Amino acid sequence: MAVNLVNVEAVSKVYGTRALLDGVSLGVSEGDRIGVVGRNGDGKTTLIRMLAKLEEADTGRVTHNGGLQLGVLTQHDSLDPEATVRHEVIGDLADHEWAGNAKVRDVLTGLFGGLDLPGFPQGLDTVIGPLSGGERRRIALAKLLIGEPDLIVLDEPTNHLDVEGIAWLAEHLRTRRSALVCVTHDRWFLDQVCTRMWDVQSGSVYEYEGGYSDYVFARAERERIAATEETKRKNLMRKELAWLRRGAPARTSKPRYRIEAANELIADVPPPRDSSELMKFATSRLGKTVFDLEDVTVQAGPKVLLKHLTWQLGPGDRIGLVGVNGAGKTSLLRAMAEAQRSDGDVQPEGGRVVVGKTVKLAYLSQEVAELSPTLRVLQAVQQVRERVDLGKGREMTAGQLCETFGFNKEKQWTPVGDLSGGERRRLQLLRLLMDEPNVLFLDEPTNDLDIETLTQLEDVLDGWPGSMVVISHDRFFLERTTDKVFALLGDATMRMLPRGIDEYLERRKRMADAGMPAAPLAASASAAAAPAAAQKAVSSADARAAKKELQKIERQLDKMSTKETWLHAQIADNATNFEKVAELDAELRELIGERDELEMRWLELAEGA
């Protein structure tokens, strides 16, 4: 029988006039891996701080098993700013001792990209004081993981980690013996790591077995039983459940009877997006040209980030952009935005960006735009527009869109200066959407947003008719809102990834195994202009032919992806008709075979491009 590590008994906590936790009783045992979810401000961090005895409860008690070794990652680290990374992470161990320790090597490589900490100016001997908040958090996480705690408590551990870092951390935590309690809005991470969920809502904590997908099903079922028919139809959880079941059935470990119940629950829920309808509408709003990049070079100072990039963002395209930090994702969006703002007068260092005449761009950067702190939330939205057209006959007032994004009627009259970081981020998104853009650039839109708000944002974007480019380390959000993934791998090129994030991680692993650098080389502009004879000679005619074939294959892969989604939906709809399912399954297998052949051809052409 598993040993009980922590007991929380009838705990309550009040801030001001609001009860964050009201008579909550919970327990953590050996081997538990618990994910904590809930709206921002509902008490997730307070709960785990009391669990770790970093904060006292008003009533009730928290007891730890005798001799419990506890490791805690909070939002604010306690690292010594005068110390070096070596001192904080490795301590007094000699080089041969820590270098011979497999766990230390794994943690340093997984979180920093190598034993010599390539992103830090003096490697392990870098002084912590001048480092950024994200770098300090990675150091604090490394220090915790190198230890041997019985229970690990993590508050937003995936913040400041890229896609690779998040994948590594998920695998590392899955293989550890330590129990885990983790607050995060990263739903892919929750699904990979957790076997139980705590949902913090209105002072109470609801417990669910399984990972995030199982939690979505169980909560949707609970709300279905409690809700009216009208509320059921509008329930966002059911829409997300439909995507999980139809688009990624392997995510969940539910037994068969629960899968059947889930399919029944979503029987009348349409697919998240009608891609063909949205494409027609987007084309009517945008015309044929949105952004065409011709032989573009993008630089940051002397560093060449992208060379000779020819790429097209078409009407209705929904693109996910991933890549190593410093590879040029944000710089690329800025170069495109600058060309649009200047009506083509401002161009990148090399090549040309052609912008469609009808493009109306909204760019959500990582910096939160400053607004007057005395302005009320609703006033800040109404400054942009009173009503917004969401397409397909859908229209919302500023107040209705505020409610969709979690600003209830009372919160709409809160001064902007009193909002949290996450609430300011939501307000920034709201103001962008109220301006009725037809092209969206979203740079890390999920920062500081809770899962419920993310789900609401995804619902709004599902019916949004236009072109979209999303940069995000949130794999779930990226897969949920985009149709194609492109990667910047740090070699000054951009590649389409037919298999999405999985293919990106495979490519990065192959690069690491081959000893290729994790970040782009600091190539000077003159080095970028080295004689063409020093490069592999490819005739311009061959290059044009390869590019045309690449574009043709990409269009075919798009059509196959749409058909594959349709076939999955048909199989789910005909689950009891075994003859029909067999026929559909054969068609699906044939389609997958054709797609694999096309992908291989695409990769051959891309490697030679």
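This passage describes the fold of a predicted model, from the whole chain down to single residues.

The chain contains 22 helices and 20 strands. Of its 609 residues, 51% are buried. Among contacts between residues at least 6 apart in sequence, 69% join residues at least 24 apart.

The largest nonpolar core has 135 residues. Within this core, the most contacts belong to Leu145, Phe291, Trp311 and Phe441. A second core is separate and has 25 residues, among them Val6, Leu20, Val28 and Ile34.

Strand β8 (residues 196–201) and β9 run antiparallel and are joined by six bridges. In this pair, Gln201 stands opposite Ser204 of β9. Strands of a sheet pair through backbone hydrogen bonds, either parallel or antiparallel.

Helices also pack against each other. Helix α4 (residues 102–112) meets helix α6 (residues 163–175) at an angle of about 150 degrees. Their axes lie 8 Å apart. Angles over 145 degrees count as roughly antiparallel, and α4 is therefore roughly antiparallel to α6. On the α4 side, the contact is made by Asp106, Val107, Gly110 and Leu111. On the α6 side, Gly165, Trp168 and His172 take part. These contact residues divide into three nonpolar, three polar and one charged.

Helix α1 (residues 44–51) is largely enclosed by the rest of the structure, because six of its eight residues are buried. The buried residues are Lys44, Thr46, Leu47, Ile48, Met50 and Leu51. Just after α1, Lys53 adopts a positive phi of about 60 degrees.

Positive phi values also occur in loops. Most residues other than glycine have a negative phi. His160 has a positive phi of about 75 degrees, although it is not a glycine. His160 lies in the loop between β6 and α6. Glu444, also a residue other than glycine, has a positive phi near 55 degrees. Its place is the loop between β17 (439–443) and α17 (451–462). With 7% relative accessibility, Glu444 counts as buried, because the cut-off for burial is under 20%.

Thr59 lies in strand β4 (residues 59–64). With 42% relative accessibility, Thr59 counts as partly exposed. Beyond residues up to four places away in sequence, Thr59 touches Ala10, Val11 and Ser12. Thr59 and Ala10 are 49 residues apart in sequence. In space, their C-alpha atoms are 7.3 Å apart.

Definitions and conventions
Residues are numbered from 1 along each chain as its sequence is written. This is a predicted model: local features need pLDDT of at least 70, side-chain atom pairs count only at pLDDT 80 or more; totals for chains, interfaces and linings use all residues. Side-chain values use heavy atoms; hydrogens and water are left out. Axes are lines fitted to C-alpha atoms, for helices over the stretch in contact, and angles run from 0 to 180 degrees between N-to-C directions. Helices (H or I, at least four residues) and strands (E, at least two) are DSSP runs, numbered from the N terminus. Angles under 35 degrees count as roughly parallel, over 145 as roughly antiparallel, 65 to 115 as roughly perpendicular and the rest as oblique. Contact means heavy atoms within 4.5 Å. Ala, Val, Leu, Ile, Met, Phe, Trp, Tyr, Cys and Pro count as nonpolar, Asp, Glu, Lys and Arg as charged, and the others, Gly among them, as polar. Buried means under 20% relative accessible area, exposed over 50%, partly exposed in between (1.4 Å probe, protein chains only). Two strands pair if DSSP finds at least two bridges between them. A nonpolar core is a set of buried Ala, Val, Leu, Ile, Met, Phe, Trp, Tyr and Cys residues joined through side-chain atoms within 4.5 Å.
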